[in-house]
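Colleague: Could you walk me through this model, one feature at a time? I would like the general idea first and then the case at hand.

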Amino acid sequence: MKIKNYLGLCGALLIIGGGLSPMVHLPIIGNWNYWDLHSGIASIVYVLAALAIIAAFTGKSGLLKFCGWAELLLILLTLVAVHFKVNDSFSFIPFKKLARAAAGIVHYRWSGWILLLVGAVVMIIAGRRKRTERAQSLSNQLRRE
């Protein structure tokens, strides 16, 4: 295995670790990880991480890069959705300052979010191919034909 494959494997493992670590802290309820936030999106993120592990072992850099971009898109989508959900959850309170104060008691646990984002970026970097590799593969394809 090349160093890029190990890098892709580390990125996928960072995604899994970030998804299992706390991402939001709710008073009385406690910490929530990705699965507690939304099990459907969490399932997709974990399946993409497993697919990235397979891509890293088989040396499929294009699949690894696709998984990294898909993970990054899902993570950012989840972050935006959590932000809007937290701010919208207390909209039943008629006073704006009180509603903002109630939304302020929900805290983000940034360690999980950072692990997810770093893992996705590492997978994207590991999936990149150098120009010489692209030119070499193109010339190999032309020779075969």
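Predicted model: local features only at pLDDT ≥ 70, side-chain atom pairs only at ≥ 80, totals over all residues.

Colleague: Is A99 buried or exposed?

Modeller: Buried means under 20% relative accessible area, exposed means over 50%, and partly exposed is in between, with a 1.4 Å probe and protein chains only. A99 counts as buried because its relative accessibility is 15%. Its C-alpha atom is 9.1 Å from that of D88, a residue 11 places away in sequence.

Colleague: How does the whole chain look?

Modeller: The protein chain has 7 helices and 3 strands, in the order α-β-β-α-α-α-α-β-α-α from the N terminus. Of its 145 residues, 35% are buried. The accessible surface, from the Shrake-Rupley method with a 1.4 Å probe, is about 9200 Å², and carbon and sulfur atoms hold 68% of that.

Colleague: And what share of the contacts joins residues at least 24 apart?

Modeller: A contact means heavy atoms within 4.5 Å. Taking contacts between residues at least 6 apart in sequence, 72% join residues at least 24 apart.

Colleague: Now the packing of helices. At what angle do α1 and α3 pack?

Modeller: Axes are lines fitted to C-alpha atoms, for helices over the stretch in contact, and angles run from 0 to 180 degrees between N-to-C directions. Helix α1 (residues 3–20) and helix α3 (residues 39–58) pack at about 160°, with axes 8 Å apart. Therefore α1 is roughly antiparallel to α3; angles under 35 degrees count as roughly parallel, over 145 as roughly antiparallel, 65 to 115 as roughly perpendicular and the rest as oblique.

Colleague: Which residues make that contact?

Modeller: On α1, they include G8, A12 and I16, and on α3, A49, A52 and A56 are among them. By class, the contact has 13 nonpolar, 3 polar and no charged residues. Here Ala, Val, Leu, Ile, Met, Phe, Trp, Tyr, Cys and Pro count as nonpolar, Asp, Glu, Lys and Arg as charged, and the others, Gly among them, as polar.

Colleague: How do α1 and α6 cross?

Modeller: The axes of α1 and helix α6 (residues 110–127) come within 7 Å and cross at roughly 160°, which means that α1 is roughly antiparallel to α6. Residues that meet include G11, I15 and G18 in α1 and L116, G119 and M123 in α6. This contact has 12 nonpolar, 7 polar and 1 charged residues.

Colleague: Where is the place of A120, and with which residues is A120 in contact?

Modeller: A120 lies in helix α6. With a relative accessible area of 0%, A120 is buried. Beyond its neighbours within four places in sequence, A120 touches I15, G68, E71, L72 and I75.

Colleague: And I3: buried or exposed?

Modeller: I3, in helix α1, counts as exposed because its relative accessibility is 69%. The C-alpha atoms of I3 and A126 are separated by 8.6 Å, although the two residues are 123 apart along the chain.

Methods
Residues numbered from 1 in each chain as written. Heavy atoms only, no water. Helix = DSSP H or I, 4+ residues; strand = E, 2+ residues; numbered from the N terminus.
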